[in-house]
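Please look over the model below together with these notes, which go through the chain contact, the salt bridges, the pocket and the confidence scores in turn.

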Amino acid sequence: MTKSQPLVSLNEVSVKIAGETIIDKVSLTVNPGEIITLIGPNGAGKSTLIRAILGLLKITAGKIIKMPDLRIGYMPQRLHMDRTIPLNVKRFLNVWRSPQSIETYAALRQVSADHLIHRPMQSLSGGELQRVLLARALLRNPQLLVLDEPVQGVDLQGQTELYQLIKTIRTQYQCAVLMVSHDLHLVMSSTDHVICMNHHICCSGHPESVSNDPAYRELFGIEAVKSIALYAHHHDHHHDDSGNVIDHSGHSHG
Amino acid sequence: MIITTTTPAMSLITLGTHMAEFIWHALLAGIGVALIAGPLGSFVVWRRMSYFGDTLAHSALLGIALGIAFDLNLNIAVVICCVLIAIILVALQQHRIISTDTLLGILAHSTLSLGLISIGLLGVRLDLLSYLFGDLLTVTNTELIWIFIGTAVVSSLLLFFWRPLLAITIDEEMAQAEGYPVALIRLLLMLLMAIVIAVAMKIVGVLLITSLMIIPAAAARRITHSPESMALAASVLGCISVILGLFSSVKWDTATGPSIVLAAALVFLVCLIPIPNRSGKT
């Protein structure tokens, strides 16, 4: 019954950096095929938690158990690549695996970035780079996709598209998704489980229930709660008259 | 005053018939080193490690001093010394007491001084200038063999580990998150640099080694579009620099090491000339 075995489970994990408690006794489980979103204000330790799960920093207490041979596809916040490395998108995607141009093309197409295939990596805009990084993570055929602020540098319209895309990817690749966001209202429709954290877990559960949770309201203030209502309305309206615009990659930054 | 190689250069003239043999030795040695300095230099450029390379090279003199004092093979002594310094450096970096470039500056000059003082204290007799600035024209058969052993080892390791090396160069965290043994691969890169320094020391000397790695690579960046082509082009441009530098050094009786470095700088300048883009946008 490998299906029911969790991919990753955290038990009372704490991380201290320079004496400061960044993560405080966090427990969570990532099951196969599940989309989990970490939300919280800036400096709440979301990225630190992701980095702890990925093994990029040492945890001070607690335990992280990963399924043996877990294939992780990681999409970082930004790429630390030096500009002097001559790489186009195609070659970049083939650095980690043997070149299979059909797969490479398919992955780029999936994220609507196939037109970028011959572009130098250095010439990509923020949003284009995010898509290429997502394609790279997909090419690993991951069981768990880890996305740290996947919509950075993407406009609002693009953000909705990108979250929609992540949901499609989950269905198609049968993978679990663990992502960081600081906008509950944008991810609501494309996540199964929300974990709201500020160093410790404040509340967690189904997106609707989290948005009504007093802990969430306290953390984000009344403004955030209002914007959810606004968004729900806006979403209905938007979907009515231009549904096909959302599906299509309307604006190519060509 | 001319610093080095007046003696070999003069002996070239007096020996007459042996001249060709000297040149061949020097040429083969220089090309052997340039071949591996190119790809490795590309990594140095991509990973912004040129100060790191300098530090390792400066510590090579300490390796020479200890090698002679304890009667070890000098190439191996240098490799061991460089790797040890690299490990110390990485360990100190973890503490984050001071920034890496300050740390490199401290280590580079203290190991160089330690090397110079050890040579005096241990009573080691050597031609210091030839180690500082290189002495390509006096390469012996044995040294030539060591250079080609070094070249063979470095190029086969580079080929075998090319993909992981490239992966950690693009983004170390991403590589680590996806299960690459980043610390080991980084150690491998340091070992490769140590080997190149050990064999290149004879060619350009410890003070100029890094330039033989980074100048051809920087020049190659201008004319290539993939990591592999940049590494290969760096090898070729390095060989051209060695040939140009060696022949001008013989012709004008100049110090060989600096002549090669200047030739490389000249090649770099030529590569800076913009290539007119004849093919339209694709």
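**Notes on the predicted model**

1. In chain A, 29 residues are in contact with 23 residues of chain B, contact meaning heavy atoms within 4.5 Å. This is a predicted model, in which local features need pLDDT of at least 70 and side-chain atom pairs count only at pLDDT 80 or more, while totals for chains, interfaces and linings use all residues. Residues are numbered from 1 along each chain as its sequence is written, chains are lettered from A and ligands numbered from 1 in the order in which they are written, and side-chain values use heavy atoms, with hydrogens and water left out.

2. Between chain A and chain B an area of about 2200 Å² is buried, and carbon and sulfur atoms give 54% of this area; buried area is the accessible area (1.4 Å probe) that two parts lose on being put together, summed over both.

3. Five salt bridges are found across the interface of chain A and chain B, a salt bridge being a side-chain nitrogen of Lys or Arg within 4 Å of a carboxyl oxygen of Asp or Glu. One pairs A:Arg140 with B:Glu178, whose closest N and O atoms are 3.3 Å apart. Another salt bridge joins A:Arg91 and B:Glu228 at 2.4 Å, N to O, and this pair runs from helix 2 (residues 89-93) of chain A to helix 12 (residues 227-252) of chain B. Helices here are DSSP runs (H or I, at least four residues), numbered from the N terminus.

4. The largest pocket holds about 1500 Å³ of space, the volume being that filled by probe spheres set on grid points joined across faces, edges and corners. On a 1 Å grid over the protein atoms alone, a pocket is an open set of points where a 1.4 Å probe fits, with protein on both sides within 12 Å along at least five of seven lines, and lining residues have an atom within 4 Å of a point. Its lining has 37 residues, and B:Gln93, B:Gln94, B:Arg96, B:Glu172 and B:Arg186 lie nearest the centre. Helix 4 of chain B contributes the most to this lining, with six residues.

5. Confidence should be read chain by chain, pLDDT being the predictor's confidence in each residue, from 0 to 100. Chain A averages a pLDDT of 81, with 85% of the residues scoring at least 70, but over residues 229-254 of chain A the pLDDT stays under 50. For chain B the mean pLDDT is 86, and 91% of its residues reach 70 or more. The model as a whole scores ipTM 0.77 and pTM 0.82.

Definitions and conventions
Helix = DSSP H or I, 4+ residues; strand = E, 2+ residues; numbered from the N terminus.
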